[in-house]
Amino acid sequence: MAYGYNEAELRLGPASARQISDYDLACELLPLMDPEDAKLVWAAAATAAFRQRGPHWRKVARWTHCHPATAKRRFMDAILRLHYRLEGL
């Protein structure tokens, strides 16, 4: 068993303090968004996890049934709407 003949089982390490804080912030902000915007933002965040280049827009587009450029534009619009909603609070 020590020679690597078996398949390796890779696991994620424990979350860092920053990752936990970011998750808590996301859980507070998502209810302030429209359901479609929240779904899009969550999909973008899920595809961006552990990537250097940010969200994988083709995968987000597949989940939201639109073109990748449209998914990115809708994401930016959702973030702007959230910004203006938070500014009004």
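Start at His 65. Just after helix H3, His 65 takes a positive phi of about 60°. Keep in mind that this is a predicted model.

Now step back into H3 itself, residues 57-64. Which residues of H3 are buried? Trp 57, Val 60 and Ala 61. Together they cover an arc of only 100° around the axis, which puts them on the same side of H3. Look at the face turned away from that buried side. There you find the exposed residues Arg 58 and Arg 62. What does the buried side pack against? Two helices: H2, residues 35-48, and H4, residues 68-87.

So, on to H2 and H4. Their axes come within 9 Å. They cross at roughly 115°. An angle from 65 to 115 degrees counts as roughly perpendicular, and H2 and H4 are therefore roughly perpendicular to each other. Left-handed or right-handed? The crossing of H2 and H4 is left-handed.

Next, the contacts between these two helices. On the H2 side we have Asp 37, Leu 40, Val 41 and Ala 44. They meet Ala 71, Arg 74, Phe 75, Ala 78, Ile 79 and Arg 81 in H4.

Pick out one of them, Asp 37. Asp 37 sits in helix H2. Is Asp 37 buried or exposed? Its relative accessible area is 11%. The cut-off for buried is under 20%, so Asp 37 is buried. And what does Asp 37 touch, once its neighbours within four places in sequence are set aside? Ala 78 and Arg 81. Both of those residues are in H4.

Last topic: aromatics. How many aromatic pairs turn up in a search of the whole structure? Two. I'll show one of them, Tyr 23 with Trp 42. A pair of aromatic rings is described by the distance of the centres and the angle of the planes. Here the centres are 6.2 Å apart. The planes stand at 65°. Over 60 counts as edge-to-face, so that is what the Tyr 23 and Trp 42 pair is.

How accessible are the partners? Tyr 23 has a relative accessible area of 48% and is partly exposed. Trp 42, at 39% relative accessibility, also counts as partly exposed.

Key. Residues are numbered from 1 along each chain as its sequence is written. This is a predicted model: local features need pLDDT of at least 70, side-chain atom pairs count only at pLDDT 80 or more; totals for chains, interfaces and linings use all residues. Side-chain values use heavy atoms; hydrogens and water are left out. Buried means under 20% relative accessible area, exposed over 50%, partly exposed in between (1.4 Å probe, protein chains only). Helices (H or I, at least four residues) and strands (E, at least two) are DSSP runs, numbered from the N terminus. The arc is that of the directions from the helix axis to the C-beta atoms. Contact means heavy atoms within 4.5 Å. Rings of Phe, Tyr and Trp (its six-membered ring) pair if their centres lie within 6.5 Å; planes under 30 degrees apart count as stacked, over 60 as edge-to-face and the rest as tilted. Axes are lines fitted to C-alpha atoms, for helices over the stretch in contact, and angles run from 0 to 180 degrees between N-to-C directions. Angles under 35 degrees count as roughly parallel, over 145 as roughly antiparallel, 65 to 115 as roughly perpendicular and the rest as oblique. A crossing is left-handed if the near helix is turned anticlockwise from the far one by less than a right angle, and right-handed if clockwise.
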